[in-house]
Amino acid sequence: MAKSQVTFNKIEKEKKRLKKREEKQKKKDARKSEAKENPQGIQFAYVDYNGNLTDTPPDPSMKIKVEAESIEIGIPKKEDREEEATVDKQGKVSFFDSSKGFGFIIDSVSQEKYFVHVSGLLEEIQENDKVTYELERGQKGMNAVRVKKI
């Protein structure tokens with residue numbers, strides 16, 4: 001005669017499965033009874049014109065009609081995008097370490113700092129030089145490239 005194939009572990013797993021099923025059924029019954037006692041229905045949250053969640057619906061007179069053709073999905077092609085990198089900007093070299101090969105340029109209009117690497121230089125620069133440059137996206141932000149002295 002062969003032994004039974006039901007092991008202790010299988011019995012324990014079956015008990016856990018049945019217990020989980022019973023708990024799920026109890027929760028379901030509790031939700032049903034709560035819905036009968038408090039028949040408010042589904043609570044709604046609306047988004048107002050500033051992007052905040054509210055409990056009042058938006059005013060239909062302020063609705064804006066949007067044409068489906070005006071919605072862009074994805075990233076526009078490179079020639080369609082406005083490229084600020086092609087515009088020559090002017091600035092001043094605030095810091096440059098020629099031994100390490102990098103520095104920073106402060107834009108003369110916006111006062112923003114941009115990283116510059118020796119590989120992006122067209123000619124040698126030093127601190128306090130006035131320069132023209134173009135911007136390109138780097139790994140950690142915008143980098144100044146094609147840097148020339150004025």
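These legends describe close-up views of a predicted model. Residues are numbered from 1 along each chain as its sequence is written, and side-chain values use heavy atoms, without hydrogens and water. Local features need pLDDT of at least 70 and side-chain atom pairs pLDDT 80 or more, while totals for chains, interfaces and linings use all residues.

**View A. Arg146 and its partners Glu134 and Glu136**. Arg146 is in strand S7 (residues 141-149); strands (E, at least two residues) and helices (H or I, at least four) are DSSP runs numbered from the N terminus. Glu136, in strand S6, is 10 residues from Arg146, and the two form a salt bridge with the closest N and O atoms 3.2 Å apart. A salt bridge is a side-chain nitrogen of Lys or Arg within 4 Å of a carboxyl oxygen of Asp or Glu. Salt bridges that share partners join Glu134, Glu136 and Arg146 into one network. Glu134 is buried at 16% relative accessible area, whereas Arg146 is partly exposed at 37% (buried is under 20%, exposed over 50%, partly exposed in between; 1.4 Å probe, protein chains only).

**View B. The salt bridge between Lys149 and Asp129**. The closest N and O atoms are 3.9 Å apart. Lys149 lies in strand S7 and Asp129 in the loop between S5 and S6, so the pair ties together parts 20 residues apart in sequence. Asp129 is buried at 17% relative accessibility; Lys149 is partly exposed at 39%.

**View C. Arg17 and Glu14 in helix H1**. Their side chains meet in a salt bridge (2.5 Å, N to O). The two residues are 3 apart, about one turn of the helix (residues 8-37).
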